[in-house]
Amino acid sequence: MGAGGRMTEKEREEQQKLLGRAGNGAAVQRSPTDKPPFTLGQIKKAIPPHCFQRSVIKSFSYVVHDLVIVAALLYFALVMIPVLPSGMEFAAWPLYWIAQGCVLTGVWVIAHECGHHAFSDYSVLDDIVGLVLHSSLLVPYFSWKYSHRRHHSNTGSLERDEVFVPKQKSAMAWYTPYVYHNPIGRLVHIFVQLTLGWPLYLAFNVSGRPYPRFACHFDPYGPIYNDRERVQIFISDVGVVSAGLALFKLSSAFGFWWVVRVYGVPLLIVNAWLVLITYLQHTHPALPHYDSSEWDWLRGALATVDRDYGILNKVFHNITDTHVAHHLFSTMPHYHAMEATKAIRPILGEYYQFDPTPVAKATWREAKECIYVEPEDNKGVFWYNNKF
């Protein structure tokens, strides 16, 4: 790597061969790994001050907006679909599931903002809104809030990051090449990851950092949490159990399959989007990971990539295409993140990563190319590889 973290022409050519061409034809280049020639303070100065201001009214307007659409889609499912001709009815349900799943993902993102204290200036209000919204989606709000906060504090660290922590080659199972180098195996892996990845992470810490003993987001006494956080983990559990009891009552009143059609399938879509968005934000051939000898907070925070989800960027409140700015300033509300991203890109230069590759194509590529990490010239900097 050249001075200031810039790539030499030879490195650029090698990287183009490795990554090919992305989306609009522009080559994706590896992020520089030298210490950035700018500070967090300099990045912040480039952002208009109003971008850091949180408005209760504006934040609630997005909650109301999303919930009105959720209610309208629910009305469509309960009132309009049943009176459609049978052929149209079978086609209408998948449309409802997809639309409702996408809108509820937006609700999930707002609750995520609450966990970052980006919803309002009032921490208690943020936690109340976040607890209600996340519990309705069977998410343990405080449990996730604290583990996710540690993810933001340790992004890109092989030892301390909390989610989608890549393994080194020596830790891979013997059957790994047969899964990832086989299109059918790779497809099965993606399917399992999107359908079961989120509950497995919450319940068993799958894809999370290793802990000395069993780690679970529902266990107040687990190693993820400290003594000050345990009461709130209990509250999270009560929220999820309360939502589960409400679903049980609905199932008793209207039937199990009614709940599956109206709520269960959209929730599966929410979980799939959540896993996919997070995976693609932190998994990319151009992104480095660091061990303790090289890691620092700023380089770790920059080891993420913005993606383009088309119209869904707005539905998901731009968590998809402003994730770099979010990792730098997580208390910034989402409705200012686009403006902030435009302001910081000239400062970040080559340290900013954006990949316009279509989501499906990127998912397939990352599942194929990003299997494990290993160091190259610098022993403390690790890059994705797929060779066995």
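Predicted model: local features only at pLDDT ≥ 70, side-chain atom pairs only at ≥ 80, totals over all residues.
## Surroundings of Cys-216

Cys-216 touches Leu-202, Ala-203, Ile-224 and Tyr-225, when residues up to four places away in sequence are not counted. Cys-216 is placed in the loop between α8 (183–204) and α9 (230–254). With a relative accessible area of 11%, Cys-216 is buried, because the limit for that class is under 20%. Tyr-201 is 15 residues away from Cys-216 in sequence, and the two C-alpha atoms are 8.0 Å apart in space.

Val-206 is also found in the loop between α8 and α9. Its relative accessible area is 41%, and Val-206 is therefore partly exposed. Val-206 touches Leu-200 and Tyr-201, again not counting residues up to four places away in sequence. Phe-119 and Val-206 are separated by 87 residues in sequence and by 29 Å in space, C-alpha to C-alpha.

## Annotated regions

The UniProt record, an unreviewed entry, lists "domain: Fatty acid desaturase" for residues 92–352. In the model, this span is 60% helix and 2% strand, and its end C-alpha atoms lie 41 Å apart.

The annotation "transmembrane region", likewise from an unreviewed UniProt entry, covers residues 62–84, 90–111, 184–204 and 256–280. Residues 62–84 are 83% helix and 0% strand in the model, with end C-alpha atoms 31 Å apart. Residues 184–204 are 100% helix and 0% strand, and here the end C-alpha atoms are 26 Å apart.

Thr-278 is found in helix α10, which comprises residues 256–282. Its relative accessibility is 17%, so Thr-278 counts as buried. Leaving aside neighbours within four places in sequence, Thr-278 is in contact with Val-163 and Phe-164.

Glu-366 is found in helix α15 (residues 359–369). This residue is buried, with a relative accessible area of 0%. A polar contact of 2.7 Å joins its side chain to that of Arg-365. Apart from neighbours within four places in sequence, the residues in contact with Glu-366 are Tyr-279, Leu-280, Thr-283, His-284, Pro-285 and Arg-307.

## Salt bridges

The model contains twelve salt bridges. One of these joins the side chains of Glu-376 and Arg-30, at 2.9 Å from N to O. This pair links distant parts of the chain, 346 residues apart. Glu-376 is in the loop between β6 (372–375) and β7 (381–385), and Arg-30 is in the loop between β2 (26–27) and α2 (40–45). Glu-376 is partly exposed at 35% relative accessibility, whereas Arg-30 is buried, with a relative accessible area of 13%.

In another salt bridge, the side chains of Lys-145 and Asp-127 meet at 3.0 Å, N to O. Lys-145 lies in helix α6 (residues 141–153) and Asp-127 in helix α5 (residues 123–136), so the pair ties together parts that are 18 residues apart in sequence. Both Lys-145 and Asp-127 are buried. The side chains of Arg-230 and Asp-227 also meet in a salt bridge, at 2.9 Å from N to O. Of these two residues, Arg-230 is buried, with a relative accessible area of 15%, while Asp-227 is exposed, with a relative accessible area of 65%. Elsewhere, salt bridges that share partners join Lys-35, Glu-294, Asp-296 and Arg-299 into one network.

## A nonpolar surface patch

Leu-74, Tyr-75, Leu-78, Val-79 and Met-80 form a nonpolar patch on the surface. Together these residues have about 420 Å² of accessible area.

Met-80, one of the patch residues, lies in helix α3 (residues 56–80). Its relative accessible area of 40% makes Met-80 partly exposed. A residue belongs to such a patch only with over 30% relative accessible area, so Met-80 at 40% lies over that cut-off.

Notes:
Residues numbered from 1 in each chain as written. Heavy atoms only, no water. UniProt positions renumbered as here; feature names shortened; annotations may be inferred. Helix = DSSP H or I, 4+ residues; strand = E, 2+ residues; numbered from the N terminus. Buried < 20%, exposed > 50% of the residue type's maximum accessible area, 1.4 Å probe, protein only. Polar contact = N/O pair within 3.5 Å; in protein donor to acceptor, adjacent residues only side chain to side chain. Contact = heavy atoms within 4.5 Å. Patch = residues over 30% accessible without salt bridge, like charges linked within 9 Å, V, L, I, M, F, W, Y side chains within 5 Å. Areas by Shrake-Rupley, 256 points an atom, 1.4 Å probe, with all protein chains shown as cover. Salt bridge = Lys/Arg side-chain N within 4 Å of Asp/Glu carboxyl O.
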